[in-house]
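Me: I would like to learn how to read a model like this one. Please take it feature by feature.

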Amino acid sequence: MWVFVFFDLPTNTKTERKAAAQFRKSLEKDGFTMMQYSVYNRYCASRESMEVHIKRVRGLTPPSGQVSILSITDKQYGDIVNYWGKIERAKPQAPQQLEFF
């Protein structure tokens with residue numbers, strides 16, 4: 001499963017800028033990778049893991065602004081097409097997951 005977090009946070013005041021920066025840093029601490037400035041994604045090995053991270057993002061959400069969360073399967077993510085300028089680039093590989101029994 002892949003979890004995407006899209007957000008549009010206000011940055012008009014110093015307090016709002018600080019809240020937006022803390023939100024981005026918290027996403028990175030939780031294993032999300034910046035895809036675009038306000039779009040982050042994270043691979044989750046299971047639906048249960050995905051639900052934990054979605055719940056965590058809900059708790060990190062600042063008091064103002066918009067945050068949207070989208071989850072898709074690895075198969076759906078495999079259909080992504082990325083362009084940087086006119087050059088097509090391959091999608092990032094899913095990270096290797098360790099399992100402890």
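Me: Where is the place of Asp 30?

Reply: Keep in mind that this is a predicted model. Asp 30 sits in the loop between helix H1 (14-29) and strand S2 (33-36).

Me: Is Asp 30 buried or exposed?

Reply: Asp 30 counts as buried because its relative accessibility is 9%, and the cut-off for buried is under 20%.

Me: Which side chain makes a polar contact with the side chain of Asp 30?

Reply: That of Arg 56, at 2.5 Å. Leaving out residues up to four places away in sequence, Asp 30 touches Arg 42, His 53 and Arg 56.

Me: Which residues are buried in H1?

Reply: The general idea comes before the case. An α-helix has 3.6 residues a turn, so residues three or four places apart point the same way. In H1, the buried residues are Ala 20, Phe 23, Arg 24 and Leu 27. They cover an arc of only 95° around the axis, which puts them on the same side of H1. These buried residues pack against S1, strand S3 (39-43), helix H2 (47-60) and strand S4 (66-72). The face turned away from the buried side carries exposed Lys 14, Thr 15, Lys 18, Lys 25 and Lys 29.

Me: How many aromatic pairs are there?

Reply: The count is six. One of them, Phe 4 with Tyr 77, is tilted, with 5.8 Å centre to centre and 50° between the planes. Phe 4 lies in strand S1 (residues 2-8) and Tyr 77 in helix H3 (residues 74-77), so the pair ties together parts 73 residues apart in sequence. Both Phe 4 and Tyr 77 are buried.

Definitions and conventions. Residues are numbered from 1 along each chain as its sequence is written. This is a predicted model: local features need pLDDT of at least 70, side-chain atom pairs count only at pLDDT 80 or more; totals for chains, interfaces and linings use all residues. Side-chain values use heavy atoms; hydrogens and water are left out. Helices (H or I, at least four residues) and strands (E, at least two) are DSSP runs, numbered from the N terminus. Buried means under 20% relative accessible area, exposed over 50%, partly exposed in between (1.4 Å probe, protein chains only). A polar contact is a pair of N or O atoms within 3.5 Å; within protein, one must be able to donate a hydrogen and the other to accept it, and residues adjacent in sequence count only if both atoms are side-chain atoms. Contact means heavy atoms within 4.5 Å. Rings of Phe, Tyr and Trp (its six-membered ring) pair if their centres lie within 6.5 Å; planes under 30 degrees apart count as stacked, over 60 as edge-to-face and the rest as tilted. The arc is that of the directions from the helix axis to the C-beta atoms.
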